[in-house]
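Welcome, and thank you for taking a look at this one with me. Below are some notes to read alongside the model, point by point.

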Amino acid sequence: MDRPVVTLENADAVYDYYRDHQQNRRVARLAYGALAGRFRPRVRYGDGARERLRSLIYDDTRLIIAVNHVSETDPYTVAAAAWSSALRPVIGRTRVLAKDELFVETEPTGRKRVIAERTSQRRRIEMMGGIPVFRSRDHGLRAVSRAGSQMMDLCAERLSRGDDLAIFPEGTCNDGDPAVLQHVGSGVGHIIARARARGVEPKLVVMGLHYGPPPGKYRSASVHIDVPEIDLPDKPVSISRTVAEYLQVAVELSVRQY
């Protein structure tokens, strides 16, 4: 299937394509390793979290990895942290939700250099397992309603087929206090509820990120990973609140441990 143009109007073709898209896992591992060498995150764990994470991966349990959103560099920091942590075995089979503008391949100017840069960016995001998200803040709540439902169904299907999922549940970069999580919408709850309807019971992994001040603020980020030993609630809104509660703790610890 040809790679579709990623626009809201083309959402049907977009999600048909990413329903089956699979990056080259060997290339993904090499790229994640290179990012780890470049960004050098400092990964720490909650009590027993590393051992529990290894056990869940060994048992082939599906994971929902919830990460706070601090900067546009976060996907690369998360990739570096995955390589540097117990998450390394899931590289190449983890889908990562990313805003649709990261998948745009052309600019109105039509300059070849800009087009090449954008194309390269899309391929990098796809190599990381990216799935586009059309955000209501960019397109309007009513306009993205159907596409949002398609995206959540796609995520649930990929989970049921053996993938894991990384998500930035705040939906946008935090321009305020990095120690305080922004509002977490119900999207992550709906994805988990739809996965359950397909017979999958994902386990929650929270990853708190914190960067120091410039210069070089994106290197040596503090990353705190925890695996709460909990059963998530039934209702999507309650699930999202629980995710926010545990992610807030991970964020606070990543700030404290910087």
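How many aromatic pairs does a search of the whole structure find?

1. The search gives 4 aromatic pairs. Please keep in mind as you read that this is a predicted model. A pair of aromatic rings is described by the distance of the centres and the angle of the planes. One of the pairs joins Tyr 17 and Tyr 18, with 4.9 Å from centre to centre and 90° between the planes, an edge-to-face arrangement. Both Tyr 17 and Tyr 18 are buried.

2. Tyr 18 also pairs with Phe 103: the ring centres are 5.7 Å apart and the planes stand at 75°, so this pair is edge-to-face. Tyr 18 belongs to helix 1 (residues 11–20), while Phe 103 is in the loop between strand 3 and helix 5 (112–127), so the pair ties together parts that are 85 residues apart in sequence. Tyr 18 and Phe 103 are both buried. Taken together, Tyr 17, Tyr 18 and Phe 103 make up one aromatic cluster.

3. Next, have a look at two places where a charge meets a ring. Arg 42 has its charged end over the ring of Tyr 258, at 4.7 Å from the ring's centre. Arg 88 lies over the face of Trp 83, and here the distance to the ring centre is 3.9 Å.

4. The largest cavity holds about 130 Å³ of space. Its lining has 13 residues, and those closest to the centre are Tyr 32, Val 78, Ala 82, Thr 94 and Ala 166. Helix 4 (74–83) and strand 3 (94–99) each supply at least two residues of this lining, and helix 4 gives the most, with 4 residues. By class, the lining of the largest cavity has 12 nonpolar residues, 1 polar and no charged ones.

5. The second largest cavity has a volume of about 40 Å³. Pro 75, Val 96, Ala 98, Ile 125, Met 128 and Gly 130 line this second space. Of the lining residues here, 5 are nonpolar, 1 is polar and none is charged.

6. What is the volume of the largest pocket? The largest pocket contains about 970 Å³ of space. Of the 36 residues lining the pocket, Val 133, Arg 135, Phe 168, Glu 170 and Gly 171 are the closest to its centre. Two or more lining residues come from each of helix 4, strand 3, helix 5, helix 6 (136–139), helix 7 (141–160) and helix 8 (187–197). Helix 7 has the largest share, 6 residues. The pocket lining divides into 17 nonpolar, 13 polar and 6 charged residues.

7. Is Ser 240 buried or exposed? Ser 240 has a relative accessibility of 2%, and residues under 20% count as buried, so Ser 240 is buried. Leaving aside neighbours within four places in sequence, Ser 240 is in contact with Val 184, Gly 185, Ser 186, Gly 187, Val 188 and Gly 189.

Terms used
Residues numbered from 1 in each chain as written. Predicted model: local features only at pLDDT ≥ 70, side-chain atom pairs only at ≥ 80, totals over all residues. Heavy atoms only, no water. 1 Å grid on protein atoms, 1.4 Å probe; cavity = no way out; pocket = protein on both sides within 12 Å on 5 of 7 lines; lining within 4 Å. Points joined across faces, edges and corners; volume = space filled by probe spheres on them. Nonpolar A, V, L, I, M, F, W, Y, C, P; charged D, E, K, R; others polar. Phe/Tyr/Trp six-rings, centres within 6.5 Å; stacked < 30°, edge-to-face > 60°. Buried < 20%, exposed > 50% of the residue type's maximum accessible area, 1.4 Å probe, protein only. Lys NZ or Arg CZ within 6 Å of the ring centre and 35° of its normal. Contact = heavy atoms within 4.5 Å.
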